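The structure is shown first.

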Amino acid sequence: MEWHLVCCVLACTLVSTQVYGQEQEKIVLSLPDASGQPGKNLTLDVAQLAKIVLPSPHETRVIGGHVTTNTKLGGYLTALLYEDDFVCGGTLLNENIVLTAAHCFLGRMKASEWIVAAGISNLNQKGIRRHVKDFILSEQFREDDMNMDVAVVLLKTPLKAKNIGTLSLCSVTLKPGAELVVSGWGMTAPRGRGPHNLLRTVTVPIIHKKNCRAAYQPTAKITDSMICAAVLGRKDACTFDSGGPLVFKKQVCGIVSFGIGCASSRYPGVYTDVMYVKPFIEKSIKALLAKR
């Protein structure tokens with residue numbers, strides 16, 4: 001009974017630690033004696049006991065998915081690096097243009113520091129690399145609510161090679177229940193601090209926007225530029241999957257944008273709706289290609 005009580009108290013403490021970012025190494029609990037009066041103190045090692053009371057940190061991200069290769073996907077997924085550090089995923093639309101999320105560029109506005117790596121399945125691979133010449137973010141992008149979270153990137157030199165593919169822009173209006181594929185190098189542990197080296201993929205259904213808006217109220221606003229997808233509590237994108245494509249029949253129909261938690265039982269993953277932002281994308285591609 002005493003040990004059961006300890007575990008319950010510790011579980012609550014550790015969950016709080018995860019949520020609020022506290023970093024405690026030891027916890028001291030004062031246990032009552034048989035009469036209910038203060039008794040002995042028990043010092044607990046958080047790192048050791050976390051293995052007992054917390055879920056395993058080795059869930060895969062993309063959550064609920066499996067390891068894959070870029071070639072199996074179709075070769076369209078790219079990795080965007082800033083100052084040689086991985087930041088976001090992206091979609092190759094043609095040999096000169098990559099589609100990604102606007103929020104990837106927050107605090108990273110020097111085009112000369114960006115590199116796009118294609119044909120990689122492991123972030124340790126060099127792949128085929130191209131420097132970025134320029135990029136355009138939507139003027140309607142708002143950091144506070146992630147409205148119009150879309151960016152179009154122009155490469156300095158064309159990116160074309162064996163096993164490198166492209167996706168076309170979405171041409172269908174997605175209905176709730178439609179299943180799409182999302183892939184990326186997102187985190188592999190709830191307490192992770194960076195991307196995972198291995199590429200993963202998962203299939204997720206579209207969730208009705210009305211239900212998504214209801215789930216996020218009042219915490220976040222789901223705007224017209226967004227679509228939602230997930231198997232609640234089981235399948236979702238996660239941190240560092242940002243900017244990657246949500247794919248339907250060889251078309252990029254969504255861009256990984258944001259979410260509260262990963263594979264949350266309440267909050268679906270939120271994606272930029274490519275059909276909605278398509279006019280901006282097409283206009284930006286035309287403007288960027290005119291600079292070549």
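## Pocket lining and aromatic pairs

The lining of the second largest pocket is made up of 16 nonpolar, seven polar and two charged residues, where Ala, Val, Leu, Ile, Met, Phe, Trp, Tyr, Cys and Pro count as nonpolar, Asp, Glu, Lys and Arg as charged, and the others, Gly among them, as polar. The model is predicted, and local features need pLDDT of at least 70, side-chain atom pairs pLDDT 80 or more, while totals for chains, interfaces and linings use all residues. Residues are numbered from 1 along each chain as its sequence is written, and side-chain values use heavy atoms, without hydrogens and water.

This pocket holds about 400 Å³ of space, and among its 25 lining residues C238, T239, F240, S242 and S257 are the closest to its centre.

The structure contains six aromatic pairs (Phe, Tyr and Trp rings, the six-membered one for Trp, with centres within 6.5 Å; planes under 30 degrees apart are stacked, over 60 edge-to-face, the rest tilted). Two of them are tabulated.

| Pair | Centre to centre | Angle between planes | Class |
|---|---|---|---|
| F86 and W185 | 5.7 Å | 75° | edge-to-face |
| Y216 and Y267 | 5.0 Å | 50° | tilted |

F86 is buried at a relative accessible area of 14%, and W185 is buried at 1%, buried meaning under 20% relative accessible area with a 1.4 Å probe and protein chains only. Y216 and Y267 are buried as well.

Definitions and conventions
Buried < 20%, exposed > 50% of the residue type's maximum accessible area, 1.4 Å probe, protein only. 1 Å grid on protein atoms, 1.4 Å probe; cavity = no way out; pocket = protein on both sides within 12 Å on 5 of 7 lines; lining within 4 Å. Points joined across faces, edges and corners; volume = space filled by probe spheres on them.
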